[in-house]
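Subject: Structure handover and what was found in it

Dear colleague,

Please find below the structure that I am passing on to you.

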Amino acid sequence: KVVAIEAPADSIVAALDFYLKEIAGLEYIAVVTEDTTVAEPVFIVDQDELDRQAAKLKTMKIRNRQFRALDDISSNPANLARDFENSVSLNLLPDFKISIHNSLLTPGWYNEWWTVGGVWDAAMKADYLSTITDKQLALNIAPDFHTLLGFRIGRFAFNLSGKSHIKMVLPGNTLGLPMQDILFDEPLENGGLEVEAIPFVAKTSLSYAQPLHTPFGEIKLGLGLNLYEAIGYMNIVSNDFTIMTTRDSTVVTASGEGWVTEAGAEGSGDDPNLDDFDPMDATSGISVGLDIGAIMNLQSYLHQEVEVQVSLKNLGAKYKWSNVTHKAWTMDMVLPVLSPGELDTLDIEQYQTTTDTTLATDAEVTIDVPAVFNLSAIYQPIPQVIVGVGLEKAFTDEVQLGYSPNLELNYQLNLYATPWLDFSYYKQNQYGDPVHTFGSGLHFGFLETGFTLSFFNGLNTDAKGIGFGLSSSLHF
């Protein structure tokens, strides 16, 4: 690109400086100095400075493309204050991640106990039972649409996201029943079974960011205002589940509680009546939460491309239902010893007695969405490489909605083969276990798309789950 600038010799540098500021963001720059040792002004291009500025432009171009997706803005709204190449971003197709995680069983456990034949003696059975007795298997299934519909215009962004939470807790004692010694008239306790589900939760976000000039340098500040609402809630708990074998029968007793947003549904699980069911009657109240974030580039202090990011998300967020039906239930069954012919025509309901008592139809259930603090640093030693490390802390007393109460160490590596193609690795934490995510993305000027594959607790014999995700967005 050739540009002619007409100006007096004593002000040509000022004119060139003004022009460069006018085209900030384009990859054209020159540095000019005046040699006054000769009679006529001679202007010399400083090639080293030109190379440094070109590398800086490439660095910022790659970094801005790395953090321009709406999911990155949701993670830290201060990303909106970056100088993106495009002023408008749009998501027309949902971005999603889906994962399946369990807290106890691994491929190594399965290979050790269930791929080798033979007869188990008492010692082997005891060793097997020690791996699961008095423990819990928590199975979590979490479809996450982190952008159902969203757009960015300048430094404003709107994002509608949704997810589901499904959790089942199975006592380890129940898994060990086939290997336990069954003694006559000795009860086996297996209480603690739990099923909890929130079919859909929605988060609607409106975010804004602004760079702020301070004596310490420019700080990008961002704020996200979020509305949280959930549709449906179910929690079934078995407080007692006892099996006892006598010489002529098997006796099973169970009891527990349940909380369900019935929303007009009637009947039982195997014979429901949904004529009057209205899902909008199962919604929680709308709660308001805040996301705040800040980003500062430390290049002027460290003379390296280092950026510090800090965010605090979900401040004040919760789901609260006030129309939940609370029931207590019991089940007693006495199953006599049956002949093979009687087993073929067995109708188990004739041997069991159940009760279902409604305790309340307007019970309140509240689930707090944990606030999450994140502090991280991003380092770009060369434009094509991004390295990150950070600390994350969720403010919760137990594993809740995927978050754990531990202080977690996260890190990442992004390798850009070209400015439009990268390969990535992230180590994060979910449900108290490390999650290793591998991915690849296309970063064209107008299109952003990517794929990720995640492994809970690693790829080896200790793996506890798997997940994958797809994302795409348009930029104008």
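Leu227 is found in strand β9, where helices (H or I, at least four residues) and strands (E, at least two) are DSSP runs numbered from the N terminus. At 40% relative accessibility Leu227 counts as partly exposed, given that buried means under 20% relative accessible area, exposed means over 50%, and partly exposed lies in between (1.4 Å probe, protein chains only).

Before going further, please keep in mind that this is a predicted model, in which local features need pLDDT of at least 70 and side-chain atom pairs count only at pLDDT 80 or more, while totals for chains, interfaces and linings use all residues. Residues are numbered from 1 along each chain as its sequence is written, and side-chain values use heavy atoms, with hydrogens and water left out.

The nonpolar patch

Leu227 belongs to a nonpolar surface patch of about 750 Å², which is made by Leu206, Leu223, Leu225, Leu227, Ile286, Val288, Leu290, Ile292 and Leu315. Two strands, β9 (217–231) and β14 (287–297), each supply at least two residues of this patch. Patches are made of residues with over 30% relative accessible area and no salt bridge, like charges being joined within 9 Å and nonpolar side chains (Val, Leu, Ile, Met, Phe, Trp, Tyr) within 5 Å; the accessible areas come from the Shrake-Rupley method with a 1.4 Å probe, and for residues only the protein chains shown count as cover.

Salt bridges

A search of the whole structure finds 15 salt bridges, each being a side-chain nitrogen of Lys or Arg within 4 Å of a carboxyl oxygen of Asp or Glu. One of them joins Glu448 and Arg68, whose closest N and O atoms are 2.7 Å apart. This pair links distant parts of the chain, with Glu448 in strand β23 (residues 447–456) and Arg68 in the loop between α2 (47–66) and α3 (70–75), 380 residues apart. Both Glu448 and Arg68 are buried.

The side chains of Arg155 and Asp83 also meet in a salt bridge, at 3.9 Å from N to O. Arg155 lies in the loop between β5 (136–153) and β6 (156–171) and Asp83 in the loop between α3 and β3 (88–91), so this pair ties together parts that are 72 residues apart in sequence. Arg155 is partly exposed, with a relative accessible area of 28%, whereas Asp83, at 61% relative accessibility, counts as exposed.

A further salt bridge is formed by Lys163 and Asp144, with 3.8 Å between the closest N and O atoms; Lys163 is in strand β6 and Asp144 in strand β5, 19 residues apart. Lys163 counts as partly exposed, at 28% relative accessibility.

Cavities

Rolling a probe the size of a water molecule over the atoms shows where empty space is left. The search of the whole structure finds 5 cavities of 30 Å³ or more, a cavity being a set of points, on a 1 Å grid over the protein atoms alone, where a 1.4 Å probe fits but cannot get out, with lining residues having an atom within 4 Å of a point. The second largest cavity holds about 60 Å³ of space, and it is lined by Glu392, Ala394, Gly402, Tyr403, Ser404, Asn406, Glu408, Asn429 and Gln430. The elements that give two or more residues to this lining are β19 (385–394) and β21 (421–430).

Backbone angles

Two residues other than glycine deserve a note here. Phi of Asp134 is positive, near 60°, and Asp134 is found in the loop between α5 and β5, where it counts as exposed at 68% relative accessibility. Asn314 likewise has a positive phi, of about 65°, although it is not a glycine; Asn314 sits in strand β15 (residues 306–315) and is buried, with a relative accessible area of 5%.

With regards

Conventions
1 Å grid on protein atoms, 1.4 Å probe; cavity = no way out; pocket = protein on both sides within 12 Å on 5 of 7 lines; lining within 4 Å. Points joined across faces, edges and corners; volume = space filled by probe spheres on them.
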